Amino acid sequence: MITTTEHFLSMAMFGYVLSCLTFAVVGWFHMCRPHNKTPRYSYPGRPLATTIYAFSLLLVPAILHPSDTDTRVLVNAYFFVLVPYYSGVLLYKYFGSVMQWNGWARPALILLVPIALFIAVLFLYAAVPGFDWLYGPLHYVTLTGVALGAITTLFSIRSILTVLKWGKLMDDETYSNMDDFPIHYARKIITMPIIHAALLWPPILSGNPRLLAVACLMLIPCNITMLIFKLHPHRVWKEESESLQPKQEKEGNAPPKHTIDNIAKSIRHTVDEEELYLDPHLSMQDVVDRCGYGRTYVSWVFKNRLGGFFNYVNGLRLSYAEQYHKKHPMATLDEVATASGFTTRQSFYRVKQRLTANKPK
């Protein structure tokens with residue numbers, strides 16, 4: 001006989017699964033124009049996110065039979081083991097694509113093997129009557145779940161720290177455009193694994209089904225919020241092209257004095273005279289590749305001689321925008337912004353505000 005609490009839990013999990021499936025379907029079929037022309041760039045991780053959210057169907061046995069012990073074990077494993085793993089994988093996939101780094105993939109695949117076997121056994125035991133030949137004593141199952149949950153939690157924490165580290169590259173002026181690395185999106189999205197842990201760990205550790213039901217209900221708006229975040233791409237559209245992997249270089253000292261002027265001259269020729277600053281996705285690495293000097297030296301000259309990569313490039317863009325507007329007085333602000341190397345009018349305003357605020361009075 002299903003109690004009121006178990007019925008409440010069943011309905012809460014049904015709502016959670018429904019929100020996950022909505023995320024999967026809408027996230028797969030909805031792509032804004034013209035971003036649908038470059039899904040790999042504008043929506044990195046889209047197939048993976050759809051697959052992961054569709055796996056919420058693993059909770060169907062628990063929805064149908066919330067009073068069974070085996071389904072409760074499955075629910076605990078799903079939320080305690082799978083959800084942290086999913087969070088880490090999605091963070092790595094999205095922002096790893098942005099950073100052109102896939103070093104996370106092999107460890108994630110290795111970790112997936114024991115997780116998949118563990119969850120598969122629990123699901124079969126919960127869904128198939130009489131399937132108990134691989135299901136050992138409950139305390140062994142619990143210990144296995146705790147061990148895997150601890151590992152996936154560390155994996156998720158590592159992914160959060162990695163994304164934060166990549167976000168600091170924005171402050172180090174690796175990019176000339178704020179939209180190339182969606183730093184504001186990153187700061188929002190890394191809170192989701194933390195929210196999931198804060199909501200799910202208390203009911204799982206306490207074994208309180210009513211508390212778990214409340215957590216599932218609270219996760220529904222989290223899924224909706226994630227979907228809203230995802231509907232509009234946080235990377236500005238550009239033509240897809242094969243990009244070079246970023247070069248890894250060690251930190252070094254300042255360039256020798258006799259080379260500083262030569263580096264600055266090369267930068268001015270490359271960025272100014274060749275109007276490389278009009279490329280809306282210009283990065284420090286692009287300038288390094290064109291100048292012929294090491295990244296450490298070029299970065300040093302930008303910071304200490306030219307006022308910083310971001311400020312220097314966008315200062316040129318603002319000057320170009322002013323001249324462009326004078327030559328084309330009937331041009332719209334969107335046209336002026338995109339012609340001057342900005343991705344959007346909003347990006348133009350943000351950069352102008354930032355550089356104006358940093359000007360010495």
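Good morning, colleagues. Please note at the outset that the model before you is predicted.

I begin with the overall architecture. The chain holds 16 helices and zero strands. It has 361 residues, and 47% of them count as buried. As for contacts between residues at least 6 apart in sequence, 77% join residues at least 24 apart.

Which residues make a nonpolar surface patch of about 380 Å²? Leu 154, Ile 157, Leu 161 and Leu 164 make this patch. One of them, Leu 161, belongs to helix 7, which covers residues 138–171.

Rolling a probe the size of a water molecule over the atoms shows where empty space is left. In this structure, one cavity of 30 Å³ or more is found. The space in the largest cavity comes to about 500 Å³. Its lining consists of 32 residues, and those closest to the centre are Phe 23, Ala 49, Tyr 53, Leu 90 and Met 226.

Which elements give two or more residues to that lining? They are helix 1 (4–29), helix 3 (46–54), helix 5 (69–98), helix 8 (183–189), helix 9 (191–206) and helix 10 (209–231). Helix 5 provides the largest share of the lining, with nine residues.

Thank you for your attention.

Methods:
Residues numbered from 1 in each chain as written. Predicted model: local features only at pLDDT ≥ 70, side-chain atom pairs only at ≥ 80, totals over all residues. Heavy atoms only, no water. Helix = DSSP H or I, 4+ residues; strand = E, 2+ residues; numbered from the N terminus. Buried < 20%, exposed > 50% of the residue type's maximum accessible area, 1.4 Å probe, protein only. Contact = heavy atoms within 4.5 Å. Patch = residues over 30% accessible without salt bridge, like charges linked within 9 Å, V, L, I, M, F, W, Y side chains within 5 Å. Areas by Shrake-Rupley, 256 points an atom, 1.4 Å probe, with all protein chains shown as cover. Salt bridge = Lys/Arg side-chain N within 4 Å of Asp/Glu carboxyl O. 1 Å grid on protein atoms, 1.4 Å probe; cavity = no way out; pocket = protein on both sides within 12 Å on 5 of 7 lines; lining within 4 Å. Points joined across faces, edges and corners; volume = space filled by probe spheres on them.
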